[in-house]
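Student: I would like to learn how to read a protein model step by step. Could you take me through one, giving the general idea before each case?

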Amino acid sequence: MAAVESGTCEGPAGMSAVKRLSHAAPLALRILAECPVSKARACVLTLPHGPVNTPVFMPVGTQGTMKGITVEQLEELGCQICLGNTYHLGMRPGPELIEKASGLHGFMNWRRNLLTDSGGFQMVSLVELSEVTEEGVMFRSPYDGKEILLTPEQSITIQNSLGSDIMMQLDDVVSSTVTGPRVEEAMHRSVRWLDRCIAANKNPDRQNLFAIIQGGLNADLRKACLDEMTKRDVPGFAVGGLSGGEEKDDFWKMVTLSTDHLPRGKPRYLMGVGYAVDLVVCVALGCDMFDCVFPTRTARFGSALVPWGSLQIKQKQYAKDFQPIDPDCQCATCKRHSRAYLHALFKSDTAAMHHITIHNISYQLTLMRSVRQSIIEQRFPEFVRSFMRRMFPSSEQYPSWAVDALASVNIALD
Amino acid sequence: MKLELSKVVQGCRLGLLTAIEQTAQHSLDVPGCLLFTHCATVPHLTQDTLHTLSNLPAVTQVTLNCLAEHHEVLEEFKEGVRKFAGLHDTALYCSLHDSATTNPAGHITNKTVSVWGSGGRMELTVAKFMALQAAIKPDFYQSMADGETWQANTSRKRVRKAVDRTLAHLDECLILHQKTQELKQAKIFGVVEGGNILEERVRSARETAKRPVAGFVLDGFQSAAMKQDLRSQLITAVTAELPQEKPRLLQGVGRPDEVIACVEVGVDLFEGFFPFQVTERGCALCFDCTVTTDPETAGTSPSTVLESNEERPVVEEPKENGDSCPENMTRFEMNLNDKRYREDLRPLVEGCSCYCCKNHTRAYIHHLLVTNELLAGVLLMLHNTAHYLRFFRALREALANDRLQDFKRRVLQ
C-alpha cells in the first residue's frame with residue numbers, strides 16, 4: 001500500500017499552454033489504500049480547515065446552517081466538511097455581509113471545511129426564467145424580480161467572498177435526460193467557463209477550485225470533456241450532470257468512464273449522490289466525495305435511514321415500538337430515544353426532525369467510515385457483499401445496475 | 001414535598017422546595033420556574049442542545065394536552081413519561097393545559113374537561129384524567145379543574161360553578177389518587193379558581209386548603225385575562241388563605257414585570273412558557289436583570305452579572321415600527337426579524353454565556369429567521385431560556401440581598 005503524496009501537477013506535456021495556478025494548491029491528497037480488486041480507495045484529503053477522510057459524504061447546509069443542527073452537534077458527529085449553496089447565500093444574506101463576517105466559516109461559525117457550489121445548478125433547477133448564453137446564466141431574482149446575470153467570474157467572486165475551502169466552477173448544466181447538440185454545446189462551454197473561473201480566482205492559495213466534468217450520457221462527449229479538463233491544473237475534479245433522473249445503467253457507466261480518466265493523485269467528487277447503495281457502488285467505481293440533500297431532507301419527513309433501508313417513524317406501526325431506530329447505532333438519538341417517543345414527538349415539536357436529522361447524518365458518516373475502514377483493511381469487496389445482504393431481503397432484489405457496476409470492477413455479489 | 005422558606009420580605013417568599021420526588025434528589029429554588037416542554041421536550045431542543053445550558057430547573061413540566069393522545073402507548077410502556085421521553089435527571093410535573101396556547105371555550109361539562117392534542121379535542125372525566133396520571137407517573141400534578149373563567153364578562157354564576165366543579169373534581173381525584181398504586185409516590189396540587197371575583201377566589205382557596213394537597217395551582221390569572229392590579233389584589237386575597245408551608249404555582253403568567261408583581265403577593269412558582277413565546281415570534285430576551293453584586297455572592301454566579309449599561313442591547317419600543325413588530329411583543333425583547341440587525345455582528349446580549357451568544361451573531365439569527373431555517377428556533381430558544389433562568393436567579397439574589405427595589409427599577413426601566 002504505497003502512499004502517494006500529491007497536490008503538485010503531473011499532467012500531460014500539452015498542458016504547458018494552460019495557465020498553471022495550483023502550484024501551491026491548498027490541498028493535498030494522500031492515498032492510504034487502494035482496493036486490489038475494485039477502483040475503491042481510501043485517502044486523507046488535507047484542506048485549509050483540516051483533514052478530510054475519504055471516501056466522504058458531505059451533508060448539505062444550503063443557507064449556512066445544517067437544518068436545525070448546531071455546528072457543535074455537526075462536529076460531534078465527526079463531520080469534516082459540509083456544503084453551502086452559492087445561489088442561496090449570494091441572494092441572502094449576500095456576499096458582502098458574509099465577507100464582513102470573515103467568510104461563511106465565520107458567519108455560521110463552522111471551524112472545519114466548506115465546499116460551495118457554483119450557483120448554476122440552482123438557477124437552472126429553481127428559477128424558471130433562466131437563459132444560458134456564452135456570457136453566463138441570466139435569471140430573474142425570486143426576491144425582487146430583477147434580472148441578474150451570473151457569469152463564471154461572478155460565481156467565483158461570490159465564492160471568494162464566502163471563503164470556502166473548495167469552490168466549484170460555474171458549469172453549463174443541462175438535464176441528464178436531454179440529448180442532442182445542446183449537450184455538446186454545454187460540454188464545450190463548461191470547458192471555456194472553467195478557464196474563466198481559474199482566471200477569476202483571487203485566492204488560489206487558500207481556495208481550491210474544482211472542475212466539473214460534463215457531457216451528459218454520451219461517452220464520447222464525456223471523454224472529450226475529460227481530455228480537455230484534465231489538461232488544466234485544477235486541484236480536483238467533480239463528475240457533474242448526473243443524478244438527475246437518468247437511467248441508473250447510464251449513470252454508472254458515465255461515473256466509471258470518468259474515474260478511468262481522472263488523475264489518480266487528485267480527489268474525485270461525484271455530485272448529488274447520497275443513497276446508501278449508490279454511495280457504496282460509486283466508491284467501488286473510484287469516487288472519493290459525495291453530497292446530497294436526501295438524508296437531511298427525508299429526515300424532516302420522518303424517514304430514518306437504517307442498514308436495511310428506512311423507517312417511516314410517523315407511521316402508526318412505530319407508536320408502540322420501544323426500541324431505538326437502529327439498536328446498533330451509536331448516535332445521540334438512538335442512545336436516548338425510542339421509535340415510539342420520536343413518533344409521539346413528531347406530533348408536538350420540531351425537535352423530532354432534529355433527532356432524525358442527527359441520526360441520518362450519523363448513518364451516512366458512519367457508513368462512509370465503515371467503507372473506508374474496509375478499504376484500508378483490504379476487505380472492501382466483502383464489505384460490499386455484506387452491505388448488500390443487509391440492505392436487501394434477498395439477492396433477487398439487488399438492483400441490476402448495481403450488480404453490473406460492481407461486476408465491472410470485479411466485485412461479484414452472492 | 002417540603003418548602004423551606006429562608007426569608008419573607010414584603011410578601012416575597014425566598015426558599016427551597018425539596019423532596020419533590022420520593023428519592024428526594026431534586027430541589028427547586030423559589031421564586032422559580034419550571035422547564036416548559038412539548039411532549040416532554042423543550043421546544044426545538046434535543047437533549048444535547050438543552051444541556052449546553054447550566055442550572056436548568058429541576059422540574060420539567062409536561063401537559064396533558066400533549067400526552068392524552070398517547071395514553072394507550074404510555075399504558076403499554078408502563079414506566080412513565082420520564083423514561084418514555086428519555087429524560088433522566090429531572091422531576092416531573094403534569095399540568096392540564098399548555099399555557100402557551102389558548103383553548104376554545106365552551107367544552108366543559110359538570111363531569112368533564114377537554115384538552116386539545118394534535119388530533120383535536122379529547123374529553124376527560126376524572127377517571128380518565130387519573131388513569132392518564134397513572135400512565136404518566138409524574139412526581140406531582142394538578143388536579144382536574146374547570147378554569148374557563150378567563151373570558152371577559154364571565155358571569156358570577158359561571159365563576160361559582162367553576163369553583164364548585166373544581167372542588168368536586170379535586171375530591172374525586174383525591175379518592176382515586178389514594179387507590180392508584182402507580183401514584184403512590186406522587187403529590188397532588190389543588191387548583192384555585194374563581195375568575196375575577198374576590199369572594200369566589202377566597203372561597204376556592206379556603207376550601208382547597210382544607211384538602212390534603214401538597215401545593216396549590218393558581219389558575220385563571222393568565223396574562224390576557226386580567227390587568228396586573230386586579231391580579232395582584234386577587235392573589236393577595238388567595239395567598240392569605242393558603243398555608244405558608246405549601247408551594248403556590250401560578251399558571252399562565254410569564255412576563256418579567258408580572259412575575260415580579262406576583263412574587264410580591266406570595267407566588268412561588270411559574271411555568272416556563274414565556275421564553276418559548278418570545279422565540280416563536282422571532283425575538284430574543286434582552287432586558288437588564290443585573291443586580292448590584294454583593295461581594296459575598298460575586299463569583300459564585302457570574303452569569304447573572306451582565307456588562308455595564310453602555311453595552312446593553314437596545315430594547316425596542318414595540319410600537320416604533322408598527323408593521324414589522326410581532327404581535328404581543330413585550331418591551332423585554334428585541335425583534336430579530338428587524339432589518340436593523342442584518343449586519344449586526346454582535347451577540348444577542350453582550351456578556352451572555354449561552355451557546356447562542358457565545359457562538360453566533362444577531363446578523364446570523366436574522367438570516368436564519370429571514371430564510372425560515374429551523375436553527376433560528378433552536379438558538380433563540382437556548383438564549384431565551386438562559387436569559388429567563390438568569391432573571392429568576394437574579395430575582396432570588398435581589399431578595400436575598402434586600403435589593404428588590406433596585407432590581408425592579410432595572411427590570412422595569
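Tutor: We will go through a helix, some annotated sites, two further residues and a chain interface in turn. Please keep in mind throughout that this is a predicted model.

Student: Which residues of H7(A) are buried?

Tutor: A residue is called buried when its relative accessible area is under 20%. In H7(A) that holds for A:Val183, A:Ala186, A:Met187, A:Arg189, A:Ser190, A:Val191, A:Trp193, A:Leu194, A:Cys197, A:Ile198 and A:Ala200. The cover over these buried residues includes strands S8 (131–132), S9 (137–140) and S12 (208–213), together with helices H6 (152–162) and H8 (219–229), of chain A.

Student: Which residues does the UniProt annotation "active site" cover?

Tutor: An annotation comes from a record, and it may be inferred rather than shown by experiment. Here the UniProt entry, which is unreviewed, gives "active site" for A:Asp117 and A:Asp291. They are spread over 175 residues of sequence and yet cluster in space, with a largest C-alpha distance of 10.7 Å.

Student: Where is A:Asp117 found, and is A:Asp117 buried or exposed?

Tutor: A:Asp117 sits in the loop that runs between strand S7 (113–116) and helix H5 (120–126) of chain A. Its relative accessible area is 10%, under the 20% cut-off, so A:Asp117 counts as buried. Not counting residues up to four places away in sequence, A:Asp117 touches A:Gly84, A:Asn85, A:Thr86, A:Tyr87, A:Gln122, A:Gln159 and A:Met168.

Student: And where does A:Asp291 lie?

Tutor: A:Asp291 belongs to strand S15, residues 289–291, of chain A, and at 10% relative accessibility A:Asp291 is buried. Beyond four places in sequence, the residues that A:Asp291 touches include A:Phe57, A:Met58, A:Leu83 and A:Tyr269. With the side chain of A:Tyr269, the side chain of A:Asp291 also makes a polar contact at 2.8 Å.

Student: Which residues does the annotation "binding site" cover?

Tutor: In the unreviewed UniProt entry, "binding site" covers A:Asp117, A:Ser118, A:Gly119, A:Gly120, A:Phe121, A:Asp171, A:Gln214 and A:Gly241. Of these, A:Phe121 is in helix H5 of chain A, while A:Gln214 lies in the loop between S12 and H8. A:Gln214 is buried, with a relative accessible area of 2%, and its side chain makes a polar contact of 2.7 Å with the side chain of A:Asp171. Leaving aside neighbours within four places in sequence, A:Gln214 is in contact with residues including A:Met187, A:Ser190 and A:Gly241.

Student: Where is A:Ser164 found, and what does its side chain reach?

Tutor: A:Ser164 is in the loop between H6 and strand S11 (166–168) of chain A, and A:Ser164 is buried at a relative accessible area of 1%. The side chain of A:Ser164 reaches the backbone oxygen of A:Ile166 at 3.4 Å.

Student: How is A:Met254 placed relative to A:Pro204?

Tutor: Separation can be given along the sequence or through space. A:Met254, in helix H9 (residues 248–261) of chain A, is 50 residues from A:Pro204 in sequence and 29 Å from A:Pro204 in space, C-alpha to C-alpha. A:Met254 is buried, with a relative accessible area of 5%.

Student: What area is buried between chain B and chain A?

Tutor: The size of an interface is often given as the accessible area lost when the parts come together. Between chain B and chain A this area is about 3,600 Å², and carbon and sulfur atoms give 60% of it. B:His367, B:Glu373 and B:Leu374 supply 15% of the area that chain B buries against chain A, more than any other three residues. In terms of contacts, 42 residues of chain B meet 39 residues of chain A.

Student: How many salt bridges are found across the interface of chain B and chain A?

Tutor: The rule finds four salt bridges across the interface of chain B and chain A. A:Lys320 forms a salt bridge with B:Glu72, where the closest N and O atoms are 2.7 Å apart. On the side of chain B that touches chain A, the largest share, five residues, comes from H12(B).

Methods
Residues numbered from 1 in each chain as written. Chains lettered and ligands numbered in written order. Predicted model: local features only at pLDDT ≥ 70, side-chain atom pairs only at ≥ 80, totals over all residues. Heavy atoms only, no water. Buried < 20%, exposed > 50% of the residue type's maximum accessible area, 1.4 Å probe, protein only. Helix = DSSP H or I, 4+ residues; strand = E, 2+ residues; numbered from the N terminus. Contact = heavy atoms within 4.5 Å. Polar contact = N/O pair within 3.5 Å; in protein donor to acceptor, adjacent residues only side chain to side chain. Buried area = accessible area lost by both parts, 1.4 Å probe. Salt bridge = Lys/Arg side-chain N within 4 Å of Asp/Glu carboxyl O.
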